[in-house]
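Subject: Structure handover

Hello,

The structure is placed below, followed by notes on what was found in it. Please read the notes with the structure open beside them.

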2 protein chains.
Amino acid sequence: MRSVHVELGERSYPIYIGSGLLPQAAAYLIKHGLSVKSPHLVVTDDKVAPYHLETLKSSLQAAGFRLVISIVKSGEGSKSLSVFENVMTDAIQGGLDRNSSVIALGGGVVGDLAGFVAATYMRGISFIQMPTTILAHDSSVGGKVAVNHLLAKNMIGAFHQPEFVLYDLDTLTTLPPREVSAGLAEMVKHGLIKDEAFAYWCKDHAGELLALDLDALGYGLERGVSIKADVVSQDEREGGLRAILNLGHTIGHAIEAVGGYGEFLHGEAISIGMAGSALLAEALGRKKGIYAETIAMLTALNLPVILPEHLDEDDLMEAMMHDKKFKEGTMVFVVPDSIGSVSIVKDIPQQLVRDILKQLRKGGEAHV
Amino acid sequence: MRSVHVELGERSYPIYIGSGLLPQAAAYLIKHGLSVKSPHLVVTDDKVAPYHLETLKSSLQAAGFRLVISIVKSGEGSKSLSVFENVMTDAIQGGLDRNSSVIALGGGVVGDLAGFVAATYMRGISFIQMPTTILAHDSSVGGKVAVNHLLAKNMIGAFHQPEFVLYDLDTLTTLPPREVSAGLAEMVKHGLIKDEAFAYWCKDHAGELLALDLDALGYGLERGVSIKADVVSQDEREGGLRAILNLGHTIGHAIEAVGGYGEFLHGEAISIGMAGSALLAEALGRKKGIYAETIAMLTALNLPVILPEHLDEDDLMEAMMHDKKFKEGTMVFVVPDSIGSVSIVKDIPQQLVRDILKQLRKGGEAHV
């Protein structure tokens, strides 16, 4: 079992990574002082529940924990205020009190939704993450929780750190290949922003990662989580440094919004976004060849790097202008300096962004 | 101009209390470093807007601030998730960014709603309170913000401290008499929990307070706010001490819930609740005569102290069981020891609470 400590002062917490952890879930709740007197709410989705809910329930109920179960539909559509309200209803009807916790069993959507419930139920109760996707290695670190507004993604949310994260690698073996690749997009992103060697490691071990080899996955997730934890520790509330984690996300979020949350997996959208950031880097005169290097890494992981034709440029620009990362009307991007290093660049002209989107449709063909 | 400092470390803030403050609002925003480059959202209601919105707008726009205005319907009904979503829509369409703020111009409902928007828009932006009711002297201190769930009041919320509170006493002169009395309920409550002399001061100056004499109001609000600030400073997130502020609120919230949020003003409901707490104190063998003393203070302020017949006892008990103040199934009440001092009493038998409700219907007649 690997363990990564996320250092956030009073709000520090551990991430446990390993095989066979879910059947021992009760021991972790007890270790972290959760009460058997208060009910706990498990939030999961209809794709994850058939595989893993019984395992979790058996462990917790055998130890005397009382559970309230809220099963939402799989997919980004569940990150809505109306689903949030339904889960709140379950929490109230189930009698959750201030010593209760909310347990997220699932991927990023379930984590974000359940986390926002935990952040706001009675003005905040304990939160526990049990990720079942590779992508969630990213969202389970840093305490960012949210639901979407119809007009923009993640617009309604909070910072709410979990008590602990229990990452059972066995849950990853049931992931469909497309979700495996999408999850690896955030993993390689962590290399691209802060660790050149790890970025190349991801490319070199793409075969093992795609085949869900537990040793490779365990190492990759530990390293990805550690990089993210390191950034978050230095900037819990996204005042500055933390913005580097948004590499590929400005274009990525726009792709998701225009595609209607569902056409693209988050990891696929940010993969195209990272390709776009690399094009932007070259347009701004940063390191030559970085686009080719970046897309080689992404395609090794079976990730898309070309912006589809049917996503309208004006719609994408409009979606980007709503993006939280634009302060006071200027456009801000995370731009690679080299593999393993990025900077925040302000005042990017809108016309340049439009040029990048055009190049991105052609797989970078038009770039010099 | 009076000023009360709320000590909360990094989250400390001042409350400015005085006459003629709203026309100078811009100076306070500038003093607190708010940006003229980012738009600011003013949330107010349709009863307050005709009296005070122009004054605020004139001051802010003259100084170059750009405003987005969101006017909700007056009343507790606006503390709903659907109104919250509408205000979020205004914020997004108005282009609020992370340097924007949300300004609550109004009473407790507007403050709670706008505060929850500020707490969750892009995971939290600045919040400014400009209370226009006496009741809001209570809700503007302590950072508790929330909306209601259909099943229970204030169930969805956060702790989000304002940058500052601007309390213009001139806005209070347009309050209808019933709201004046309801507001004074929280004022005298602050005396009842922590300051015997202030509780008697409220009773002795009831005439001036009800007549909205600015000197009496200014002193009463400063003292009420200071008592609350003192309690909140010691217990920001309601771990223990802060619970004493809930004197009268367990029964009071149940009255509001069963009455359907609208039949009773919050201050009226907690007035009946405080009368109930005094009955409970006597039933538990605390100081004799405290019920008579308490209702003398409340009735001097034209507040109700009798539980109306049409509120069903079982419904009230059911509503109390959903109350956040019940941890792990036991019933907990704030009970007066004497005027100016209270304790938290756990494990109150449900049957005793039912007896108190019966006595409370008869104006305490049945109590020994």
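Strand S7 (residues 144-149) of chain B is largely enclosed by the rest of the structure, because 6 of its 6 residues are buried. Buried means under 20% relative accessible area, exposed means over 50%, and partly exposed lies in between, with a 1.4 Å probe and protein chains only. Strands (E, at least two residues) and helices (H or I, at least four) are DSSP runs, numbered from the N terminus.

This is a predicted model, in which local features need pLDDT of at least 70 and side-chain atom pairs count only at pLDDT 80 or more, while totals for chains, interfaces and linings use all residues. Residues are numbered from 1 along each chain as its sequence is written, chains are lettered from A and ligands numbered from 1 in the order in which they are written, and side-chain values use heavy atoms, with hydrogens and water left out.

Which way do S7(B) and strand S8 (residues 152-159) of chain B run? They run antiparallel and are joined by 5 bridges. Two strands count as paired if DSSP finds at least two bridges between them. A hairpin of 2 residues connects S7(B) to S8(B), and B:Ala146 has B:Gly157 in S8(B) as its bridge partner. In general, strands of a sheet pair through backbone hydrogen bonds, either parallel or antiparallel.

The sheet of chain B

Chain B has an open sheet of 7 strands with mixed pairing, in the order S1-S2-S9-S6-S5-S3-S4. At its edges are strand S1 (2-6) and strand S4 (67-72) of chain B, each of which pairs on one side only. From one strand to the next the twist averages 15°. Axes here are lines fitted to C-alpha atoms, for helices over the stretch in contact, and angles run from 0 to 180 degrees between N-to-C directions.

Within this sheet, strand S6 (residues 126-131) and strand S9 (residues 164-168) of chain B run parallel and are joined by 2 bridges. B:Gln129 is opposite B:Val165 in S9(B). Two helices that pack on the sheet can be described here. Helix H3 (residues 81-93) of chain B touches strand S3 (40-45) and S4 of chain B, and its direction makes about 165° with that of S4(B). Helix H9 (residues 214-234) of chain B touches S1, strand S2 (13-18) and S9 of chain B, and its direction makes about 10° with that of S1(B). Contact means heavy atoms within 4.5 Å.

Is strand S5 (residues 101-106) of chain B enclosed or open? S5(B) is largely enclosed by the rest of the structure, because 6 of its 6 residues are buried. S5(B) pairs in the parallel sense with S3(B) over 3 bridges, and B:Val43 stands opposite B:Ala104 in S5(B). S5(B) also pairs in the parallel sense with S6(B), over 6 bridges, where B:Ser101 has B:Ser126 as its bridge partner.

Other parts of chain B

The loop between S1 and S2 of chain B contains B:Glu10. B:Glu10 is exposed, with a relative accessible area of 81%. Its C-alpha atom is separated by 12 Å from that of B:Pro162, which is 152 residues away along the chain.

Helix H11 (residues 266-283) of chain B has 18 residues, so at 1.5 Å a residue it should span 26 Å; its end C-alpha atoms are 25 Å apart, which agrees. The expected span is 1.5 Å times one less than the number of residues. Of the 18 residues of H11(B), 17 are buried. After H11(B) comes B:Gly285, whose phi is positive, near 80°.

Chain A

The sheet of chain A is open, has 7 strands in the order S1-S2-S9-S6-S5-S3-S4, and has mixed pairing. Strand S1 (2-6) and strand S4 (67-72) of chain A stand at its edges with a single partner strand each, so one side of each has no neighbour in the sheet. Strand S3 (residues 40-45) and strand S5 (residues 101-106) of chain A run parallel, joined by 4 bridges. A:Thr44 is opposite A:Leu105 in S5(A).

Cysteines

How many disulfides are there over all chains? The count is 0, where a disulfide is a pair of cysteine sulfur atoms within 2.5 Å. A:Cys202 counts as buried, at 0% relative accessibility, and B:Cys202 counts as buried, at 0% relative accessibility.

Regards
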